[in-house]
Amino acid sequence: MLTATLLTDFGLADTFVAQMKGVMLSINPEVNIVDITHSIEPYNIRHGAVALGMSYKYFPAATIHTAVVDPGVGSNRRGIVVDDGKYIFAGPDNGIFSVIYAENKVTVYEITDERCYRNPTGVTFHGRDVFAPTAALISNGLRPDEVGPPIVDYQSFDIIPPSKTGDNTITGEVLYIDRFGNIITNITAAFITGCGFKLNGRLVSLRENYAQGQDGQLHALINSDGYLELFIKQGSAGLRWAGVKTADRITLELSD
Amino acid sequence: MLTATLLTDFGLADTFVAQMKGVMLSINPEVNIVDITHSIEPYNIRHGAVALGMSYKYFPAATIHTAVVDPGVGSNRRGIVVDDGKYIFAGPDNGIFSVIYAENKVTVYEITDERCYRNPTGVTFHGRDVFAPTAALISNGLRPDEVGPPIVDYQSFDIIPPSKTGDNTITGEVLYIDRFGNIITNITAAFITGCGFKLNGRLVSLRENYAQGQDGQLHALINSDGYLELFIKQGSAGLRWAGVKTADRITLELSD
Amino acid sequence: MLTATLLTDFGLADTFVAQMKGVMLSINPEVNIVDITHSIEPYNIRHGAVALGMSYKYFPAATIHTAVVDPGVGSNRRGIVVDDGKYIFAGPDNGIFSVIYAENKVTVYEITDERCYRNPTGVTFHGRDVFAPTAALISNGLRPDEVGPPIVDYQSFDIIPPSKTGDNTITGEVLYIDRFGNIITNITAAFITGCGFKLNGRLVSLRENYAQGQDGQLHALINSDGYLELFIKQGSAGLRWAGVKTADRITLELSD
């Protein structure tokens, strides 16, 4: 069975996601629809891009990933299909696929073919009326180059790469805070030397896993995605450090 | 694969929904179970009826929709199966299918056949012990007229249709507030003239889409379901207008 | 189609669960993955054990249940596969399968075979890198005794059985509080005589179902799992009795 994933900021309380699934199953009753998450912060394209970047590569080859975080829906922003040679992506052209562009060689197509539009097209819900049918048609064999012409001027934004901002300082950014309050940054293992660093003047020591943390202490580890993560054992680093959020800059002072 | 949907007020934190799915898969391991939502306000049958009405028609023909919002479970209210010629519905006879009745010619059957009851029947959980097995058996080929006798005195309630309540005033009701705080009413495009209206004395101007809204301003649009929706661009109309909820009446003063 | 369930404390906001599903579908694209719940209280193994115990038996024979509530991830606690003759379970050896052990004759295997480990193994996410591949391989035909050697010293804890703690007093514990605020205890019907009891000095009368409750009154019933449940009709017993939580002891005074 072919897998089609959905990532949105629609939540699961309303019926938006179910409407998308109904449209997809009406076109291809055999497609296996899997939710990545529907809890992207509303309208936060950057959060959506990071969450998609964290998860897309665990799925089987040929999976079709649909991502809809779309504050500009109804405006002139285009709908696109992205082909990276292994996966296909469908969604708005607003930067939601920025991590995909950064990590892969891609071809991007604007969705113009009328087969991809439900009739009549709803003006406020392209997720149901454009992206869901497009993804389902592709799961049925429609080729990406059949949805419309290739484009090269698609929207993208940088996740600021971590960098040395002084002899002993590294600046990165917060990718997201997870359900446990762990703060995941974009700082990778290669930037970290020694067994800890200072953050806002306080010492944070590195651990190999959560179980090694001392109760109530802020610690860091390199997580299973290879990123530096701040945690408090069975506590919430995010609560301790209230107000931290996606895309905040973070600066570490390494020890000499 | 045949699709069976679930709509309840059970939430996803407990295992009620999983128990229903387990029962269904034990009867038909091939049925494709799709969640519509499990976040209906607890015991709010009206909310459930509206959410089902918003979503059922996007699914493939022959989909079996099970809806359980059931404050009267364990009392004498009946379990029913509804056949509208395209879809089959299973759930309590308490008005949860009111929108289906309003939009379609239906036949309604009371669930009495013992095949539809798990043994022993739990007294507090008809979702798992009556409606799930009934839906799964129907997905396996049981005909609706085999679950029990047809009935005509099934429960229904009206969603108050919008109406002109004065020369320039339209009264409707709030269908629901979505995750973004957008307030969806039952007032349809045909009732709206001009480019805006007054609500509680304040001018609300119509837009074609969210992107056209002015920051911080309450606006309205006709959404992709054809209903009047109040929104604040990247904000929450529901928060602005605290306390608004499903079934509240709403009166618009159209301009002369 | 073979069913594989997931029960975790990961929530659905992050992409952890989706990463697990992607790994499983990459190994077996035909497996039908069903969520039991991902809302176990973070790190609360006891809550996870109770939720799994409430739901596992409703699924078809041969279902593979993966449960991950794992505060000790990355420490030396083992990964295990449990075979009870009807179902297979995969997860950490920390007591999460205590109810399974109590209710069934089981064989337990430590997961040591390298086929069960993604390469390189992430240190913080055994759910994705050990348990998901193990469950998917089993769904593909790997036998439980192929994952590693049988062990007998697996971790388990008791759910305190209800007991008579005086001539007229019964002590049990709170299993969980559900979404409606109903308080589910481990006290079974056999312990209850008469038509009510005193709890904290106040009379609580038994009902047969929720609909029989008086508005605003705390009542009890024997629920469809056979357990004593405290409820307020269309209200929240949990809110009324603020602070009650999983594993709290509860003592009933039966009438003479």
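**The interface and the charged pairs**

A: Between chain C and chain A an area of about 2600 Å² is buried, and carbon and sulfur atoms give 59% of that area; buried area here is the accessible area, taken with a 1.4 Å probe, that two parts lose on being put together, summed over both. The model is a predicted one, in which local features need pLDDT of at least 70 and side-chain atom pairs count only at pLDDT 80 or more, while totals for chains, interfaces and linings use all residues. Residues are numbered from 1 along each chain as its sequence is written, chains are lettered from A and ligands numbered from 1 in the order in which they are written, and side-chain values use heavy atoms, with hydrogens and water left out.

In terms of contact (heavy atoms within 4.5 Å), 35 residues of chain C touch 31 residues of chain A. Between these two chains there are seven residue pairs in polar contact, both residues being at pLDDT 80 or more; such a contact is a pair of N or O atoms within 3.5 Å, where within protein one must be able to donate a hydrogen and the other to accept it, and residues adjacent in sequence count only if both atoms are side-chain atoms. On the side of chain C that touches chain A, the elements giving two or more residues are α1 (16-27) and α4 (126-139) of chain C, and α1(C) gives the most, with eight residues. Helices (H or I, at least four residues) and strands (E, at least two) are DSSP runs, numbered from the N terminus.

The number of salt bridges between chain C and chain A is zero, although the count over all chains comes to 30; a salt bridge is a side-chain nitrogen of Lys or Arg within 4 Å of a carboxyl oxygen of Asp or Glu. One of them joins the side chains of D35(B) and K21(B) at 3.0 Å, N to O. Because D35(B) lies in strand β2 (residues 32-37) and K21(B) in helix α1 (residues 16-27) of chain B, this pair ties together parts that are 14 residues apart in sequence. D35(B), at 24% relative accessibility, is partly exposed, whereas K21(B), at 8%, is buried; buried means under 20% relative accessible area, exposed over 50%, and partly exposed in between (1.4 Å probe, protein chains only). In chain B, too, D93(B) and R78(B) meet in a salt bridge of 3.0 Å, N to O, and both residues are buried.
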